[in-house]
Amino acid sequence: DVCDRGNVNKSIDQALDNFYTIDVLINNVGDIIVGGILQLTEEQWDYLVNVNLKSLYYTCQKIVPIFIKQQKGNIINISSTFALQGMGGVIGYTTTKTAVIGFTRALAGELAKENIRVNCISPGVVMTSLSSRVAVDKKTFHKLMERNLIGDPVEIANVICFLASDNSKWITGANIPVDGGFGRIYSFDDFCFKEKSLP
């Protein structure tokens, strides 16, 4: 549970005990709740802030001293194309994922002198359990598939591998959209989201 600082600290300590070093931290936790400003409850808002944003604060606050001691480290955060588009109808998700980009840039500037890189990826719609839970209707789904606008998770993993490798050793503070063009040529109005209740 990345919303629990104790769990985060314990997990990172266990990884360090088992592997003696940690090279890369990938913050890939996220959730979405459908709702605009008049629909989203305060409880739902707080939940999304905790899952999508505060979790990064916990993991990075724990890992950064380890990376400084090692004199190297690499942090990769996952945002969303929705953050770049300012998508309406999912205001909590869009807002928190936008903040992830700002968090990435600020942390990259702070840690560059420590030889620690911090970058961000903004995926489009990808075939994951998260997207299937708030999936578009079948008609719209097939339209997206036909236009190659629903991605395979491998496409995101490939960019993560690039950022995690020495091939990107001079890149920090970047946000890379990986969306097949979704953010530029498709309208959010065509989506038909299902309602999602607070877990």
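## Chat about H2 and H4

User: How do the axes of H2 and helix H4 cross?

Analyst: They come within 8 Å and cross at roughly 15 degrees, with H4 covering residues 91–111. That makes H2 roughly parallel to H4, a label for angles under 35 degrees. Axes here are lines fitted to C-alpha atoms over the stretch in contact, with angles from 0 to 180 degrees between N-to-C directions. Helices are DSSP runs of H or I with at least four residues, strands are E runs of at least two, and both are numbered from the N terminus.

User: Is that a real model or a predicted one, and how are residues numbered?

Analyst: It's a predicted model, where local features need pLDDT of at least 70 and side-chain atom pairs count only at pLDDT 80 or more, while totals for chains, interfaces and linings use all residues. Residues are numbered from 1 along each chain as its sequence is written, and side-chain values use heavy atoms, leaving out hydrogens and water.

User: OK, new topic. Where does Ile37 lie?

Analyst: Ile37 sits in the loop between strand S1 (24–27) and helix H2 (42–70).

User: Buried or exposed?

Analyst: Ile37 is exposed, because its relative accessible area is 63% and the cut-off for exposed is over 50% (buried is under 20%, partly exposed in between, using a 1.4 Å probe and protein chains only).

User: And Gln44, buried or exposed?

Analyst: Gln44, found in helix H2, counts as buried at 12% relative accessibility.

User: How far is Ile37 from Gly88 in space?

Analyst: Their C-alpha atoms are 9.1 Å apart, though the two are 51 residues apart in sequence.

Technical notes:
Angles under 35 degrees count as roughly parallel, over 145 as roughly antiparallel, 65 to 115 as roughly perpendicular and the rest as oblique.
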